[in-house]
Amino acid sequence: MAAKPCICVEHVSRVFGKKKVLDDIALAVERGEIFGMLGPSGAGKTTLVKLIAGIDQATEGTIHVFDVKMPHLQAMKRIGFMAQSDALYEELTALENLQFFSAIYGLRGKRQKERIEEVAELVHLTEHLKKTVHHYSGGMKRRLSLAASLLHEPEVLILDEPTVGIDPVLRQSIWAELERIRQQGTTIVVTTHVMDEAEKCQRLAMIRDGRLIAVGSPNELKEKTHSETIEQAFLYFGGAHQ
Amino acid sequence: MRVRAIVIRIIRQFFRDKRTLGLMILAPMFVLFLMNLVFNGEEYKPTIAVDQAVPVALAEKLQKNDAHIKWMGKQTAKAQLNKQQIDAFIEMKEGMPQMTLEGSDPTANKAVLMSVQKTLQQLTPQTKTMKLDTIYLHGSEEMALFDNFGPVLIGFFIFFFVFLIAGVSFLRERTRGTLERLLATPLKRWEIVVGYVIGFGIFTTFQASLISWFAIHVLDMMMEGSFLYVLLITFLLSMTALTLGTLLSAFANNELQMIQFIPLIVVPQIFFSGLFNLETMAQWLRSFSVIMPLTYGADALREIMIRGNGWNEIAIDVYVLLGFSLLFMILNVIALKKYRKL
């Protein structure tokens with residue numbers, strides 16, 4: 001596995017007006033890992049994943065995904081993005097939503113049908129496809145949103161707080177799904193502010209006030225700081241140990 | 001065919017949201033119907049009270065000239081005038097008739113004066129009045145007020161509803177995050193704009209045809225020219241409204257802010273589009289109408305519906321409306337840059 005990193009973020013800053021939301025971030029995500037971004041809300045996680053997804057552009061620095069400088073439309077075809085909001089058309093049925101998003105990715109006919117069945121199966125929504133999204137519960141919407149971002153079999157899946165506001169059982173099942181998707185070879189970048197979720201990632205980036213404070217596997221980070229939990233490690237890197 | 005996917009989705013959404021569908025089609029019809037009732041009503045018949053001293057001949061003539069006549073004394077008449085039960089009172093003063101008008105309603109004033117003038121003219125035939133033979137180049141003696149501004153109203157309502165609905169649905173795309181999701185795909189910005197134009201275009205063609213058909217065939221609005229030209233103009237107007245609405249939605253943060261554009265963008269267009277005569281307005285103010293899409297739409301609709309004119313007279317309006325739509329579309333593609341640079 002001497003492959004180049006899948007995502008390469010180099011000295012990236014993003015400034016909105018006078019506010020520096022990201023400050024000189026550098027990190028690399030390897031192929032086939034779940035890479036977590038951990039940090040409190042307002043730390044700049046969403047901004048960073050939007051830059052990686054190609055929706056936004058860095059003020060300084062570069063981001064490469066599959067060796068292509070972002071933003072790049074062709075590279076975006078290979079990325080799946082799930083934002084914090086569910087981003088679904090509520091007046092349409094789940095099936096119609098999936099049909100729409102798959103058509104946007106150029107899936108048609110039999111292939112489209114197959115993929116819709118597969119992703120619906122994956123998020124356990126097969127029996128509810130005919131319902132309008134308006135009648136869905138919050139958790140179902142989240143799962144449908146995840147399904148929509150998986151339709152085109154992205155090589156990189158970017159998830160912004162996929163489990164926020166979701167009950168623990170469902171959260172467990174979403175993480176189990178993510179693990180399955182990863183085993184199929186997909187690279188996953190996921191943001192979270194829940195510390196115990198961070199344990200499920202292969203590697204973690206800790207972000208605070210737009211700065212990267214630490215990168216490593218959960219165990220590495222804990223060992224380095226002689227902490228029992230990720231939370232303690234985060235506090236240590238955040239400067240609370242002094 | 002990513003554009004096609006957007007078109008299909010928009011049309012599906014329309015048929016799911018029955019209420020909005022109804023609003024876009026039935027509301028304009030309903031308002032046009034009400035306008036028709038108000039402006040095509042019977043001519044106002046004034047009620048005139050006369051004193052006993054007034055010659056019967058005069059009263060009879062007044063009655064013939066569309067006035068209701070009531071005989072009463074001065075005291076009662078005064079009281080009834082105050083209560084607006086009668087419009088005018090005629091008494092004799094030194095052998096000459098004198099009239100008191102209630103006076104607060106211009107329509108009533110005009111009607112009273114009309115019938116009194118007609119009556120006096122008929123009673124004093126010695127001054128031989130010249131009779132003017134009038135030929136109508138366009139319209140006719142029967143043309144009602146509604147026929148005159150009906151075409152403007154058709155244009156306006158189509159413009160108004162398409163502007164609002166298109167603006168709000170594009171805005172929702174943004175506030176609900178679906179726009180961001182779309183922009184995370186390889187979809188190009190122009191594809192979103194074109195998808196919207198075609199999806200709404202199909203729907204508004206249907207809407208505009210129904211409204212025009214209703215106005216012309218059910219409300220019996222004056223219609224001298226070709227129905228196809230009316231459709232062409234209403235279609236172009238709705239395209240302009242659609243592209244302007246989606247463009248401006250980029251500058252609104254919620255539905256309420258979208259509605260705030262109505263008094264700023266939509267209402268002024270009524271005043272400048274020919275519903276009122278602009279001749280009396282200051283020149284600099286009048287030149288505002290040049291930048292208002294409704295001016296061209298209303299002008300073309302009048303040419304077709306009232307004057308029965310064809311392509312030559314509406315060509316410029318058609319080009320200008322096309323130009324507006326294209327301009328707004330391009331600006332739209334640029335405005336989307338705010339959300340994705342690429």
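Eight residues sit around the largest cavity here: A:Phe81, A:Phe101, A:Tyr105, A:Ala148, A:Ser149, B:Arg181, B:Ala184 and B:Thr185 line it. Keep in mind that this is a predicted model, where local features need pLDDT of at least 70 and side-chain atom pairs count only at pLDDT 80 or more, while totals for chains, interfaces and linings use all residues. Residues are numbered from 1 along each chain as its sequence is written, chains are lettered from A in the order in which they are written, and side-chain values use heavy atoms, with hydrogens and water left out.

**Cavities**

- Searching the whole structure turns up 3 cavities of 30 Å³ or more; a cavity is a set of points on a 1 Å grid over the protein atoms alone where a 1.4 Å probe fits but cannot get out, and lining residues have an atom within 4 Å of a point.
- The largest cavity comes in at about 60 Å³, a volume being the space filled by probe spheres set on the points, which are joined across faces, edges and corners.
- Its lining splits into 5 nonpolar, 2 polar and 1 charged (Ala, Val, Leu, Ile, Met, Phe, Trp, Tyr, Cys and Pro count as nonpolar, Asp, Glu, Lys and Arg as charged, and the others, Gly among them, as polar).
- The second largest cavity holds about 40 Å³, and its lining is B:Phe170, B:Val193, B:Tyr196, B:Val197, B:Leu242, B:Thr246 and B:Asn332.

**Chain A against chain B**

- The contact (heavy atoms within 4.5 Å) draws 33 residues from chain A and 25 residues from chain B.
- About 2800 Å² is buried between the two chains, 61% of it from carbon and sulfur atoms; buried area is the accessible area (1.4 Å probe) that two parts lose on being put together, summed over both.
- On the chain A side, A:Leu73, A:Glu91 and A:Ile104 lose the most area to chain B, together 24% of what that side buries.

- The rule picks out 4 salt bridges between chain A and chain B (a side-chain nitrogen of Lys or Arg within 4 Å of a carboxyl oxygen of Asp or Glu).
- One of the salt bridges pairs A:Glu96 with B:Arg12, their closest N and O atoms being 3.6 Å apart.
- Of the side of chain A that touches chain B, H3(A) supplies the largest share, 6 residues.

Conventions. Helices (H or I, at least four residues) and strands (E, at least two) are DSSP runs, numbered from the N terminus. On a 1 Å grid over the protein atoms alone, a cavity is a set of points where a 1.4 Å probe fits but cannot get out, and a pocket is an open set with protein on both sides within 12 Å along at least five of seven lines; lining residues have an atom within 4 Å of a point.
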